Structures are given as structure tokens and as C-alpha cells.
Amino acid sequence: MAKDELQGALDLLILKTLARGSVHGYAIAQRIQQVSDDVLRVEEGSLYPALHRMEQADWISAEWRVTGTGRRAKYYKLTAAGRKQLVHEEEAWSRVAGAVAKVLRFA
Amino acid sequence: MRLWKRLRSLVGRSAQENELNDELRFHLEMKIDQNIAAGMSPDEARYAARRAFGNAGLKREEARTMWGWNWLEHLGQDLRYGLRAMRQSPGFTAVAVLSLALGIGANTAIFSLVDAVLLKTLPVQDPQRLVALSWASKGWPEGVLNGLSGSMYPDGAGRNVSPSFSYPLYEQLRSQNHVFSNVLAMSGNSSELNVGYRGEPGRANGQLVSGTFFDTLGVLPALGRSLSPDDDRADSSPAAVISYGYWDRRFGRDPAIVGKTITLNSVPFTVIGVCPQEFFGVQPGKAVEVWVPLHQQPRVEPRWSPRADPGNAASTARSSLFEARKRWWVVMVARLRPGVSEQQARAEAEVILQQSIASDVKAGTKPETLPHIQVTAGSKGLDDLRRQFSKPLAILMAVVGLVLLIACANVANLLLARGTSRQKEMAVRLAIGARRSRLIRQLLTETVLLAALGGLVGLVLAFWSTDLLVAFMSSGSDPVHLTVTPDPWVLGFTAAVSILTGILFGLSPALRSTRLDLTPALKESSREPAMSSGRRARRLGIGRTLVVAQVSLSLLLLVGAGLFVRTLTNLEGVNAGFNERNLLLFGINPTQDGYKGQRLAEFYQELLRRVAAQPGTRSVSMSGATLIGGGFSSMSTFVQGYPPSQGDKDGGVSAYNNDVGPNFFETLGIPLVLGRTINDRDTSAAPKVVVVNQEFARQFLGGSPVGRRLGFDGKKSSGDYEIVGVVAGAKYDDLRRDVPPTVYMASLQDPDGLGTMHFEVRTAGDPNQMIPAIRRVAQDMDSNLALFDVRSQVGQIGETLFQERLFARLTGFFGVLALLLGCIGVYGVMAFAVTRRTREIGIRMALGASRREILDMVLRETLLLVAIGIALGVLAALEASRLIASLLFGLKPNDPLTIAGAALLMVAAAVFAGYVPARRASRVDPMVALRYE
């Protein structure tokens, strides 16, 4: 389970971040790091493969826009399928987290 | 949608590549900005950002993996890289591709024969629904069968099997069965026909077939119409169908041939159709050129097998083959009705057969001695060729398989040696983040590419050699016509073999050269391997194991080749009992032009006189069967006063017999031992005489043979012939068989029994130079008669040895090839070892070892490897050669001389191969060697 679930966790973090609006890859990594108080750092080596995989799966779509500093950047946003996937992943995560919590309490 | 995206990502590859680069660069720039904002200098900021970012190439690679076309992209890269690597080492590439091409080419060539002989289905409609009928019985089916034309052979279970049936059974089967939609019958023997067209004689391979032949097979004519049941009645007007090939060769594809008249054995026939190009009949290897309705048999082949039932010769000749229940001569192929299984068909055909023979079965006959129907798949046609060649082809396939293994071992060895020089490259690539699986895949792509190139060259070699192989399979009297074409099966086989060999010889070197200790590999020079000493031993170990395997396989093939070559020389050295030099043979059948009885005898006497008068003729005679021609005649012979005790039921003994003309023994050079030979006074007017050979006299006569009497038509006939002479033994049909007890009759004493005769002309010079003169003599006597089987006696004996020659040549060739590849292997591994031990050798010499000692040291090592290989090879040869025991003559499969000879040859070749590197080792200059690294 471990590997799938961890990958599921990265997908969930990205999807959740994108649920608030369209952003580019760098911003996704930054936001996850800030919101988690520097506990979760997303490696570039994991981030971009994940983004490209989710794009292939049609959960997210991308377009090129110019940033505030005048640079071209690739902005990602959720698709309808991505929203459904987010709900699904959130449920899955709470179930696993709940299960882990139970084990920690009673084992 | 997803698929579309994937496809787009394949097509818009470079645009997407640029986007990915842009995206990652943006990420990096944002990081740099952030670092500057945190107070770093721009340079520091850039450096820190890059360090945090890590291996950009690897990241790109990982993101790209998500696009899903990576494998294709990698394949392209690997192929490009592989081609580049090949160009960089052309010597290595040439040796590797050549060894593989020889190995794969040999396999493809033999497999294309296997394909043509064993695998191809008939070019007819829905061949899977065709079945061939045959019968099997224990022993000869007493009472129900008097004469059999066609083939008969033992199956593995002690029964006789034959595909020949009586014509009445064919009629019954056709009218009474509910399992076949159609049944065809044809003569079991195809026959050479004299074909006249516009007054010119020629010969063609003809077959008598029922009117249902083409309908049953579903073969539609390319031109005109095919035979129908209406053409196959006793009163039908004579019609014939010709093959496409014959139409091409003889008639220049004249479309107006349909409706024209040709003569077959002097009987006029109308050509009604031409078969499609690919159709050759139903016997693979035998190309029929003219198909004639069965009911034309009395006109085309009036004297068919006249002596098959000598006791009954007169009655058989009178009763038609189409009514005789006990003459079995037609072969049947049937088409199953839809939904009917082979078992159902067999059951019903069996009932019809038993009904057909019931009235001839004597009471108390055991059921297993009666014939029982067998139904076999007919999709590949009749199985004569398959029976004859399936074992030889299996052996050859095994031989070429071993050659390919040796070639693989060779290339693997070369790759191992090359792997050492590429270690640094591998180390660098591993260090900058290449995964091991990726490198292995790339190395395998390279080796498969090598194998594919080898396969392509091999394919060319194979198609050069297949015509030669088919020619090897033919003996002049029994030519094999096979169209060996590069069909999908053969191409698929070659492709599969190439890829498999690529993986086979590439896997171990690939695994080995990517298992590295990185740091030393990068630090040290490419010559010194970056491995612990244990690993080094193992690597040399694998090379040595490969060489031992090569030597043992090569020895196995050499022993096989030696056995076959010695079999051939044994056979060629057999004393046939007559002088085969300067002897010209030809056959003639004047009965085809209406000669019979006394007129026929006079024709032969005149022909003998005219040939004898030719300059260059020393003497001439004739006989029913030529010697060492594969054909023979054998009859129950009743000798007066033998056996002494009347134990046997009828007292007949089995002996070979031959009808011979005057001067036969003088012409062939068979020495007379007692009495006199047969001369030109032995005619129908004189008392009937025979000459027997010493073998006959020894077994059945005893005492003084001359003057004793014998006969051929039961006990009461044993006074018919007087034995007037005894001659020395001469081989009859086959060099391999011992001289059989033989009775020679005087052919001119029985004009009514005369048929086809073969002439033997003893010439003063080269017999082949007499051929035009002899043809002229025959033409002058009757221009309608063509000579056949015209060849020298030496040539005829050669033809009966064709299979032995085939084996001797092919296994000899492959044996030498294996020896060569084995030597390259020995040379390669020893040269490699010497290079790696240069420093050690230098030290030894510095410490006082002489050149001689170094030479001995390396040679000793070579010999040790070769000795192990030979020991294993001898063990394998002792096991494997038992499989070919039945193909050998005059020696045992474990023949010590052959094995010793092969081992000696192997040692000599290996020492030669090992001497070159050993000499190089002994020439090492210690000063240079010590500074070597």
C-alpha cells in the first residue's frame, strides 16, 4: 500500500491546492510548503512528473500565461474530472488517516 | 481523449519538449529570484538554486516518462547509439555479424526445407478438410491381396502400412459413404510418359487420376477445363490436363494448346486444360506434369507391373485392373463432409473395407493380419517425402542449431572482451544517473541489432543455398521438386532466431558490464578492470566456460561429420562384384509403341547388334533391372530337392531374380565360377536355362549345382529350368545390402514376359561420350521411342548414395565451420587473457622466466581448456551418435578412430589458435610490461 498511498497523497495535495484557483508549478510547491509550515516539501523531481501524469489523465488542464513579473509560465487548473478525483482522494485519505489514528490509539 | 492526447504528444514531440524545458527553466528562475530576495548575490543565488534543483536532465526524463511514449523514444535512441557503436568498431562488428550470419543462415536454409517438406499445406481449396486413406496390417494380408503397386513400409508398431487400395474399393467407398463429400483415386506410382507433340518425342512425369481428382481438391484450371468423371470411363475420348510448368517448358505457354492433340506413349490425347501455377499434385517433392484419367491405364500403361503376380501372369493381364479386388494400386484422398470428424470417417471407411474383402478372407484368419483403415490428415499432401526426409532434416536442424550456439558463444566472448573496454563509459553513465535497467536495455538493443544484421545477411546466404540443398536432396532417378520460397513462416523463423540469439549472447555480457564498483571504475584506466579480484576471476571464468562449451560442441559436430564421411567412403569402397567403370546404361520400352512377343524379342536382338557395331562399344547386354539402381525383382523359387526335409508349407525359397540378355556377365565383368554363362543361343527355341550366383548355390544347392533344376510356379514347376552355371556374387539393388541369392534368367527365352529392358554398354572410353551415338541408333530403329535413365553406371551408383553424400558434405561443411568458430573462440579468450596479464608476465620474465617457459605456460592453459572441452564433447558424441546409428554403414556410432581423429584435429586447431597469443606473451618486453599501466 505504501507507495500507492504516498503517491495518492501527493496527488491529493496538488489537487487540493489547485482547487483554490489556477497556479503554476512553482507556486504549487511554494503553497504546499507554506501551508504545511515547512513540514511538506515537494521535490521538483516528483512534482513535474505528477503534474504531467495528471494532465495525461485529464484531471487537470494547463495553459501558458504571463506572470506578474513578466515571465511566461504554465498554469494548471482543475477539470471536472479532477474535481471528482479530489473528492474521491479526500475520502480515501481520511479513511486511511482515520485507520492509522485508530491503530496508534489502540495498538 | 486520452489516446488522442497521447498521440498528440507523440506527434507534437519537439513543441512539448520545448514547453517542458520552459516550465523547468521558469521554476529555476523563480527559485533564483527567491534566493536573491533572501539576500544572496546573483551568482550565489543561481548556484544554490541549481544545487537544490538537482539533476535537470533526470527530472526532464522523469516528467517525459509520463507522456507514455518513452519506450519508443528510447528504442530510437538505443538504435542510433547502437549503430554508432558499430561504426566505431568495424572489425568487431564484421566478425560478429559474419559468425551470426553463418549460424542464422544455416538455420534459415535448413528450416526453409523443413517448411517446404514438413509444414507447407497443399495449394488447394480448404486443405484442412482433406484426409489421406491408408491401411495397416500385421504381416502380409493373406488371401485378400495378390499384387500391390505403390509404397509399403513398416510403422513403429510392427505393422505394414500402405496407401494402395483396389479400384473396386474406391468405387464402393465413393458410392456408399456418408462421411466424405468427395473421394479421389490415383495410381500409386507416377510414371514417365513418352509425350509426342508435332512429331517430336519427349518425356514427362505422368499420373493416372480419377475423374473426381480436381473436384475433390477444389483446383480450378488456369486455362481450359479440368478432368470430370465423364472423362474417366473406359469409353471416354482420351483427355489430359497438363501442369503450368510443363505448359511453359514444352509449349511456350501457347494459349491455343487447349484442344490440341499430343501423344502419350503413342496414344493420341486431347489437352483439355492447364493447371494453376502453384499446383504440383498431392505428393510434395514430385511434380506431376500430365494428369491422365485412370481408365486410360490399359492404353497408356498396358504392361503395368506384369511380373507382380508371376504365378498368375496370364490371368492378371486379361482381367482388368478395374475389376480385380486383389490388385491394390490406387491411392485415395477424400474431402470430409462439414462436421464429420476423422474418427467418424475412419469408422465408416473401415466398415466398407471389411465388407469389400469379406468374401476373400479365409476362415480362421486372425483379425490383426487383415488390413484396417487408417485416416490421416491430408492437408500437406501424401507423406512420402515427409517420411523419407523427416529424420535427415531433424538431424540437420540439430547440427545447424549447434553451429548457431557456437556462433553465439563466440559473439558473447567478443562482447565480454569489448565490455571491458567500455567499462569507463558505463561507469560514467551510471554515475550521471542512468538506471541499470536502462543500460542493460541499451546493450541488449545493440546485440539484437547485431543479430538482426546477422539475420539479414544470413537470409541472403540461405536463399543462395536452398536451390543447392534441394538439388542435394534429389537423386537423378527420383528428383525432388520443391519450391522453396521466403514465405512468412521462414521469415518469421529467421526473425525469431535472430532476436533470441541477440538476447542469448547479449544478456550475460550486458548484466556483467553494468555491475560495477563506480569509484575505481572512474578512477582507473580503461585497461585495468574495476573489479575485485574475485569478480575478475569470474569474468575470465565465463569466457573460459564459453570456450569449453564451444570446443565440446565443435567436437560433437566433427565426430558427426567424421562418421558420415567415413560412411560415404565405406560405401564407395564397397566391392560391388562387377566392374562399374566405363559402363553406359539406358532404358527403353518398345511396348509403348506396340511391340510384343517375338517381334519385341527381335527388336531387342537387333538393337543389341546395332549398339555392338558402334565404334567405342566393347560389348553390350541388357537386363530387366540395372544393378545398384534401387529396383529389384524377387520371386518364390522352387528348387528340386530343396529343402531336404519338407518342413515348409510349399517348399518355395525367396530369391532375387533378373532377366538378362546374352553376354550379360561378360559385359558387366561378373566372373564365372562353374559351368557356362547365358549366350545368344539361349532363345525360346532352346531348353530353358538359368544361372545362379554363389550365394544361391551355397544356401540352396550344395554339392554340384550345375545340372540341378528349379522353377517359379509352385512345387510342380521345379523342373522347368536347368541351372547351367554359377557366377560370383554381385550386389543387386543396393550397395548396403549383402549379395542376395540371385537367379538370372535368359530374357530372350520368354518373349511373352518381355517388357522394359535396360541396356548395359561397356565402352572403350568415357561412357557419357557414347550417348549421342546410342540415341541415334535407337532413333534409327523407331523414332517414336525415347531412351530413359541414360547414365553411366558410376553415376547411377552415385545417385543411390545421394543421402550419404548429402550428410557427408553438409555435416563436413558445418563441422569445419564449427572448428573455425571454435578456434576464433580459443584465440579470443587467450588473447584477452594475455593482454590482461601483461604485467604479470613482465614480472615473471623480470624474475628470470624464459620465453620458452612463458610460451609453455600459455599453451598449457589453452590445452587444459581444450582438454576439458574435448572430454565433454566425447561424452556428448557417444550419446548423440547413437541417434544416427541407422544412417551409418561399415562402422559403429562409437567408432574410436573417428572420435580420436576428431579430437586430434580439434587439439591441433586449438593449439594453432592458442599459439598466436602465447607467442605474443613470450615476446613481452619486461621493461615495457612493468610500465604498462
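**Close-up views of a predicted model**

**View 1. B:Asn107 is a buried residue in this predicted model.** B:Asn107 counts as buried because 27 C-beta neighbours lie inside 10 Å of this residue, and 20 or more is enough for that label. Look for B:Asn107 in helix H6 of chain B, which covers residues 90-119. Once neighbours within four places in sequence are set aside, B:Asn107 is in contact with B:Val400, B:Gly401, B:Leu404 and B:Val497. Follow the chain and you will find B:Leu459 352 residues away from B:Asn107 in sequence, yet their C-alpha atoms are 9.4 Å apart in space.

**View 2. Three strands of chain A form an open sheet.** Read across the sheet and the order is S1-S3-S2, with antiparallel pairing. Strands S1 (23-24) and S2 (60-66) stand at the edges with a single partner strand each, so one side of each has no neighbour in the sheet. Between S2(A) and S3(A), residues 72-78, there are 7 bridges in the antiparallel sense. To see one facing pair, find A:Glu63, which stands opposite A:Tyr75 in S3(A).

**View 3. The largest nonpolar core holds 162 residues.** The members that touch the most others are B:Val403, B:Leu555, B:Val690, B:Ala818 and B:Met906. Helix H13 of chain B (residues 384-421) gives the most to this core, with 19 residues. A second, separate core has 69 residues, among them B:Phe213 and B:Cys275.

**View 4. Here are the contacts of B:Leu555.** Leaving out neighbours within four places in sequence, B:Leu555 is in contact with residues including B:Gly869, B:Ile870, B:Val874, B:Ala903 and B:Met906.

How values were computed
Residues numbered from 1 in each chain as written. Chains lettered and ligands numbered in written order. Predicted model: local features only at pLDDT ≥ 70, side-chain atom pairs only at ≥ 80, totals over all residues. Helix = DSSP H or I, 4+ residues; strand = E, 2+ residues; numbered from the N terminus. Buried ≥ 20, exposed ≤ 12 C-beta atoms within 10 Å, placed from the backbone. Contact = placed C-beta atoms within 7 Å. Pairing = 2+ DSSP bridges. Core = buried A, V, L, I, M, F, W, Y, C linked by C-beta atoms within 7 Å.
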